[in-house]
Amino acid sequence: MRDNKAQFISLLMFLVIGAVVLSNGFIARIAAQSRDVDVFYEIQPIGDVLDEINKSYVDDPAYADVVEGAIRGMMNALDDHSAFVPRSAFERMTEDTDGRYDGIGVTIYKKDDNITVFQPSSGAPAAEAGIMAGDIIYKINDVSTQGMSLDEARDLIRGPSGTTVHLTLVRIIDEDAREAETVEVEVERGQIPIESIAESRFIEDSIGYIRLSDFKKSSADDIAKEIERFKDKQAQGLILDLRWNPGGLMSASKEVCELFLPRNTLVTYTRGRNRTDGSEVEQMRLFTER
């Protein structure tokens with residue numbers, strides 16, 4: 001019979017030792033920064049909960065998932081602007097802010113529990129292979145998508161440029177008559193650009209309008225090209241629409257500011273706490289450079 005208590009103590013010791021090694025003196029930093037708070041007393045319930053999970057949970061718990069959930073909860077308890085980003089989500093964020101990814105250039109969504117094509121990007125491998133909006137992705141490399149999440153499907157579809165992915169599609173011919181056909185396609189993956197400009201047009205023939213979806217590495221260059229296009233057509237003014245823009249790279253936002261603001265204009269600054277005495281200090285100032 002498994003000794004749950006011994007196993008839990010071993011696990012807890014491993015986590016504590018690992019935290020000290022990996023965080024370069026985590027315990028010492030807590031002690032230095034929290035003279036007015038008994039941090040070890042405050043975090044004791046976490047150990048109690050882990051102990052109870054270890055003793056009572058019906059299955060052997062995945063401790064990595066449990067610890068990740070605890071970290072996510074701690075960050076969410078701070079404020080609306082603090083969050084824990086898991087590795088997989090961080091990799092997707094990096095792809096988005098880089099302005100390109102390796103794949104076939106197709107947007108998918110769930111419809112009636114089916115992985116369905118929303119829209120292939122114009123000129124992307126998916127469109128070139130004949131994939132159409134509304135196609136149901138029934139299999140990916142002969143793996144059924146039934147019960148598959150969007151993230152799982154996306155990860156299977158994406159891959160290094162030059163490699164291929166085989167998709168089995170169900171295409172509705174006549175929805176009323178319930179007619180459909182099965183389509184097999186082999187798609188070679190490529191580098192797919194992610195546009196940061198969601199919309200660019202003239203308003204009343206004299207005002208340029210640009211709506212920026214978010215701040216990517218390419219945002220400043222993309223906007224600069226549009227500005228030149230508006231100038232060539234004698235635009236009298238410009239509207240830069242940042243509504244519904246969730247953010248992105250701070251460096252990219254600074255580069256966009258440099259298109260409009262004088263050199264050495266303050267863009268943003270951050271404040272934090274002094275690690276020694278807890279006093280408030282200014283940590284960073286970001287100015288335009290060109």
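Residues are numbered from 1 along each chain as its sequence is written, and side-chain values use heavy atoms, with hydrogens and water left out. As the model is predicted, local features need pLDDT of at least 70 and side-chain atom pairs count only at pLDDT 80 or more, while totals for chains, interfaces and linings use all residues.

**Whole protein**

Show the cartoon: the protein has ten helices and 13 strands. Both are DSSP runs numbered from the N terminus, helices being H or I with at least four residues and strands E with at least two. Colour by burial next; 28% of the 290 residues count as buried (under 20% relative accessible area, with a 1.4 Å probe and protein chains only). With the surface on, the accessible area is about 19300 Å², 53% of it belonging to carbon and sulfur atoms (Shrake-Rupley method, 1.4 Å probe). Among contacts (heavy atoms within 4.5 Å) between residues at least 6 apart in sequence, 53% join residues at least 24 apart.

**The second largest pocket**

Select Tyr101, Gly105, Val106, Thr107 and Arg158, which lie nearest the centre of the second largest pocket among its 21 lining residues. A pocket here is an open set of points on a 1 Å grid over the protein atoms alone, where a 1.4 Å probe fits, with protein on both sides within 12 Å along at least five of seven lines; lining residues have an atom within 4 Å of a point. The volume is about 470 Å³, taken as the space filled by probe spheres set on the points, which are joined across faces, edges and corners.

Strand 2 (106-111), helix 8 (150-157) and strand 8 (190-193) each give two or more residues to this lining. Helix 8 supplies the largest share, four residues.

**Thr116**

Move to strand 3 (residues 114-120), where Thr116 lies. Thr116 counts as buried because its relative accessibility is 2%. Leaving out residues up to four places away in sequence, Thr116 touches Thr107, Ile108, Tyr109, Lys111, Gly134, Asp135 and Ile136.

**Ser219**

Finish at Ser219 in helix 9 (residues 219-232). At 0% relative accessibility, Ser219 is buried. A polar atom of the Ser219 side chain lies 2.7 Å from the backbone nitrogen of Lys216. With residues up to four places away in sequence not counted, Ser219 touches Ser196, Leu212, Asp214 and Val256.

Technical notes
Buried means under 20% relative accessible area, exposed over 50%, partly exposed in between (1.4 Å probe, protein chains only). A polar contact is a pair of N or O atoms within 3.5 Å; within protein, one must be able to donate a hydrogen and the other to accept it, and residues adjacent in sequence count only if both atoms are side-chain atoms.
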